[in-house]
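User: I'm new to reading protein models and would like a close look at just one part. Could you walk me through it slowly?

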Amino acid sequence: MKASASNPPKTIKLGHRIGLSIVAIIFCVGHASSQVPKQQSPEAELLALHQGDRRAHFAHDVDALLATAPPEFISVRDGNVRSQSKDELRKRFTEYFGGAEFTSWDDLEPPIVHISPDGRMGWMIVRVKIAINRSDSTGKRTTENVVMAWMSAYEKHDGKWQHMANATTVEP
């Protein structure tokens, strides 16, 4: 059988179909990969936790603040080292948020983040200006302005970061 414009050889039809199939596969794979959320870098994950802590302070959201806390949290401050359970942290932050209105909880410089080579540990150093309006039991309002810097240590457990320890300083 002789090929003509209306009846091309079968090899051309087959080649054309294979070409179209390859193009369709490439398009579908490319489109599907654009629909998959991109995984954040570990540094970006820790920075997102820091921003979540900021939001939790403004919202007085103790649960959000403790979402990454381990069963025992280590705190270093004012020359003391304390180990606190999640329940003790909950009580501490509930009291801290009582009567407080945060007007500032802002980074004074970009946080410094480091992740271990195996990606299972990380730390972050931040310097933050915090302004709080407080009301005491008589209704008297006071304003506190403080600059704090701290280093937080994190470990990754089952794909999620836990805030294991914190060492805090307060600018005099």
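Which residues are exposed on the other side of α4?

Analyst: They are Asp87, Lys91 and Glu95, where exposed means over 50% relative accessible area, buried under 20%, and partly exposed in between (1.4 Å probe, protein chains only). Before going on, a word on the source: this is a predicted model, where local features need pLDDT of at least 70, side-chain atom pairs count only at pLDDT 80 or more, and totals for chains, interfaces and linings use all residues. Residues are numbered from 1 along each chain as its sequence is written, and side-chain values use heavy atoms, with hydrogens and water left out.

Leu89, Phe93 and Phe97 are the buried ones in α4. Looking down the axis, the buried residues fall within an arc of 60 degrees (using directions from the helix axis to the C-beta atoms), so they line one face. An α-helix has 3.6 residues a turn, so residues three or four places apart point the same way.

What do those buried residues pack against? Their partners are α2 (42-59), α3 (62-65), β1 (72-77), β2 (80-85) and β3 (100-107), with contact meaning heavy atoms within 4.5 Å. After α4 comes Gly99, with a positive phi near 70 degrees.

Technical notes:
Helix = DSSP H or I, 4+ residues; strand = E, 2+ residues; numbered from the N terminus.
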